[in-house]
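Below is a short note for a colleague who has not seen this structure before. The points follow after the display.

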Amino acid sequence: MASSQTDYYAVLGVSRDASDADIKKAYRRLARQLHPDVNPGEEERFKEVTKAYEVLADPAKRELHDLGGDPFSTGGGFGSGFGFSDIMDAFFGGAGASRGPRSRQRRGQDALIQVEIGLDEAAFGVTRELQVETATTCPTCQGVGAAVGTSTRRCDVCHGRGEVQQVTRSFLGQVMTSRPCPACQGFGTVIPHPCADCGGDGRVRTRRSLKVKIPAGVDTGTRIQLAGEGESGPGGGPPGDLYVEIVERPHPTYSRQGDDLHCTVAVPMTAAALGTTVTLDTLDGPRPVELRAGVQSGQTITLPDLGVTHLRRQGRGVLVVHVEVHTPTRLDDEQEELLRRLAGLRGEDGPDVGQVTGEQQGFFHRLRDAFNNPR
Ligand SMILES: [Zn+2]
Ligand SMILES: [Zn+2]
């Protein structure tokens, strides 16, 4: 006899306000795990779980339990007033549900291959010839799995039903269970003479080459779906899809952020002060970039339409040139003399010519700004 202290909600692992559907679901899950046929060692827990379900699935008993009473003290022993079919229903998901034999034909799995491309290919698109190795329908047996001149035959064990029934004894009495037929794995048919080329699976692995058009604007992680180019299904089933995943090689000069490209141009201090032109080897060929006199380290120059083509809309990203001014580190006597004269002329030869500024106006702020807002 159950103790009235037992918390049947805890036994089923549901909350106190669980709906009837939640309770049924929780019981079904546990009952499948703990069923004596599956797990002979768990019979005690299975009984406990079933008891909990018997109480919580019955509104009157549940109320009594909620009030701290013992639902089993009035109704007699376990199982009384509770339809056996309800329990079986909870077990097997509907009484008398017939599954029938399963088809040998199934859809094939999707396949994934990675393709490495360069930045210019990502920017403008490219057509690639790929070597793909997938399962394809066996040409010898056309996917049927039977050797040429033979055919599949109805299974003698299950008479084509794909499942066999078994009577087992449990604490509930005799229980009829059905399971996939072990002789035919549930197919309902057997292949007496399997095809020698595919061993009866209906598929063989083949290598083939495939032309893939990679559109402009793809990036690392972009997947291109090729419908029906994946693995062929067993038993001559339809093929899955092939996904081509893009991996973009890092570029020696340009780093990519979205569809924008970034690069750094280092200029000597003198050139930065006097202004200069730098020829940049862009994806569209060489382009002169003018650095105006007085350009500062951390300044950026934005060149429109030299970035990567947008994948899903018109136009292209920008190319952002980050300027880095280099101070000379080795000066010969003459150069040092010239610089001292220049400093004198500019009144920059005394102490305290350096200005302390807040971080807001400083180089680091500008640099960070340029990276955060590349446009
Ligand atoms: Zn075959
Ligand atoms: Zn069978």
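**Notes on the aromatic pair and the zinc site**

1. Tyr27 is buried, at 0% relative accessibility; buried means under 20% relative accessible area, exposed over 50% and partly exposed in between, with a 1.4 Å probe and protein chains only. Tyr53 is also buried, at 6%.

2. This is a predicted model, in which local features need pLDDT of at least 70, side-chain atom pairs count only at pLDDT 80 or more, and totals for chains, interfaces and linings use all residues. Residues are numbered from 1 along each chain as written, chains are lettered from A and ligands numbered from 1 in the order written, and side-chain values use heavy atoms, without hydrogens and water.

3. One aromatic pair turns up in a search of the whole structure. Tyr27 and Tyr53 form this pair, which is stacked, with 4.2 Å between centres and 5 degrees between planes. Rings of Phe, Tyr and Trp (its six-membered ring) pair if their centres lie within 6.5 Å; planes under 30 degrees apart count as stacked, over 60 as edge-to-face and the rest as tilted.

4. Tyr27 belongs to helix 2 (residues 20-34) and Tyr53 to helix 3 (residues 43-56), so the pair ties together parts 26 residues apart in sequence. Helices are DSSP runs (H or I, at least four residues), numbered from the N terminus.

5. Cys155, Cys158, Cys181 and Cys184 coordinate the zinc ion (ligand 2) through their SG atoms at 2.2 to 2.3 Å. Donors are N, O and S atoms within 2.8 Å of the metal (3.2 Å for Na, K and Ca); water is not among the atoms, so sites may look incomplete. The donor residues are spaced C-x2-C-x22-C-x2-C.

6. The site of the zinc ion (ligand 2) is tetrahedral, with angles of 100 to 116 degrees among its four donor atoms; the term requires all angles to lie between 85 and 135 degrees. Cys181 is buried, with a relative accessible area of 1%, and Cys184 is buried at 1%.

Technical notes: Tetrahedral: all angles 85-135°; square planar, octahedral: opposite > 155°, others 65-115°. Helix = DSSP H or I, 4+ residues; strand = E, 2+ residues; numbered from the N terminus.
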